[in-house]
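Here is a short note for a colleague who is new to this structure. Please read the points with the model open beside them.

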Amino acid sequence: MTVVLFDFDGVIVRKDSFESYLRVRLRRQPWRLLAVLPLLPFVPLLLATVAGKGWLARLFVRVSTCGIGEAGFRADIDAFGREFARRPGMLAEEALSRLRAHVASGERVLIVSAAAQPLLDAILDQAGVTGVEAVGSSVVVGWTGVRALFHNYGSAKLQTLASLGIEPPWAMAYSDSRSDLPILAAARHAVLVNPPQRDLDAVRRALGDQVEVLRSS
């Protein structure tokens, strides 16, 4: 069976969905930011390295979600995901049209995303996306906040696909980011959806000029 892969954030939806969720939580409860005020002078240094960015991201996830509990998190993120999908212009219609066309053609369509699985499920359900397999990051929730058990990002997506019995090459892969080079490089046809110029340049340096660029309205 023909396999077609789609990234999610920046492809099916226009913004980073989990980051948007955290921002909403912090706007609702800005007192949570008090915990990180002592770190503000060090933020530029942390952002200068990959390890620093990762540590800072994990910290903000914990700060944003500590104390929420399992049931509270599931209810909160489901409600946010549905509201997120209803926002005007949030869904990338051209990319969604492509996805539905692949499903209608009988192809095996998978969305492989770094978004937390319950958020991914809520958004796709609200958007009425059916006939696809959607695999996001697995998370665990404790009173110290949310943490990833498996972050489905970059080359980790190859592990996810292998666990489903899917080995390269695949027919097509859609993404907006150079972080998805591992799955784009393994596709017979790679498509970048509304890519930032630096990501487009990086992917073309790696894969050549045959990469299709889709401008989704």
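1. A definition comes first. A residue counts as buried under 20% relative accessible area, as exposed over 50%, and as partly exposed in between. Keep in mind that this is a predicted model.

2. As background, most residues other than glycine have a negative phi.

3. Helix H9 spans residues 197-207 and holds alanine 202. Is alanine 202 buried or exposed? Its relative accessibility is 11%, so alanine 202 counts as buried. Alanine 202 can also be set against glutamine 29. The two are 173 residues apart in sequence. In space, their C-alpha atoms are 38 Å apart.

4. Another loop deserves a look. Proline 169 lies between helix H7 (156-163) and strand E5 (170-175). The peptide bond that joins proline 168 and proline 169 is cis, with omega about 0°. In general, most peptide bonds are trans.

5. Now the packing of two helices. Helix H4 covers residues 70-86, and helix H6 covers residues 117-127. Their axes come within 8 Å and cross at roughly 40°. H4 and H6 are therefore oblique to each other. The crossing of H4 past H6 is right-handed.

6. Which residues of H4 and H6 make the contact? From H4 come Phe73, Arg74, Ile77, Asp78, Phe80, Gly81, Arg82, Phe84, Ala85 and Arg86. From H6 come Pro118, Leu119, Ala122, Ile123, Asp125, Gln126 and Ala127. By type, the contact of H4 with H6 has 10 nonpolar, two polar and five charged residues.

7. Last, the chain as a whole. How many helices and strands are there in the chain? There are nine helices and seven strands. The C-alpha atoms fill a box of roughly 50 × 35 × 35 Å along the principal axes. The radius of gyration is 18 Å; a compact globule of 217 residues would have one near 17 Å, so the chain agrees with that.

8. Two percentages complete the picture. Of the 217 residues, 46% count as buried. Take the contacts between residues at least 6 apart in sequence: 61% of them join residues at least 24 apart.

Key. Residues numbered from 1 in each chain as written. Predicted model: local features only at pLDDT ≥ 70, side-chain atom pairs only at ≥ 80, totals over all residues. Heavy atoms only, no water. Axes fitted to C-alpha atoms, helices over the stretch in contact; angles between N-to-C directions. Helix = DSSP H or I, 4+ residues; strand = E, 2+ residues; numbered from the N terminus. Parallel < 35°, antiparallel > 145°, perpendicular 65-115°, else oblique. Left-handed = near helix turned anticlockwise from the far one by under 90°. Contact = heavy atoms within 4.5 Å. Nonpolar A, V, L, I, M, F, W, Y, C, P; charged D, E, K, R; others polar. Buried < 20%, exposed > 50% of the residue type's maximum accessible area, 1.4 Å probe, protein only. Rg over C-alpha atoms; globule rule 2.2 N^0.38 Å.
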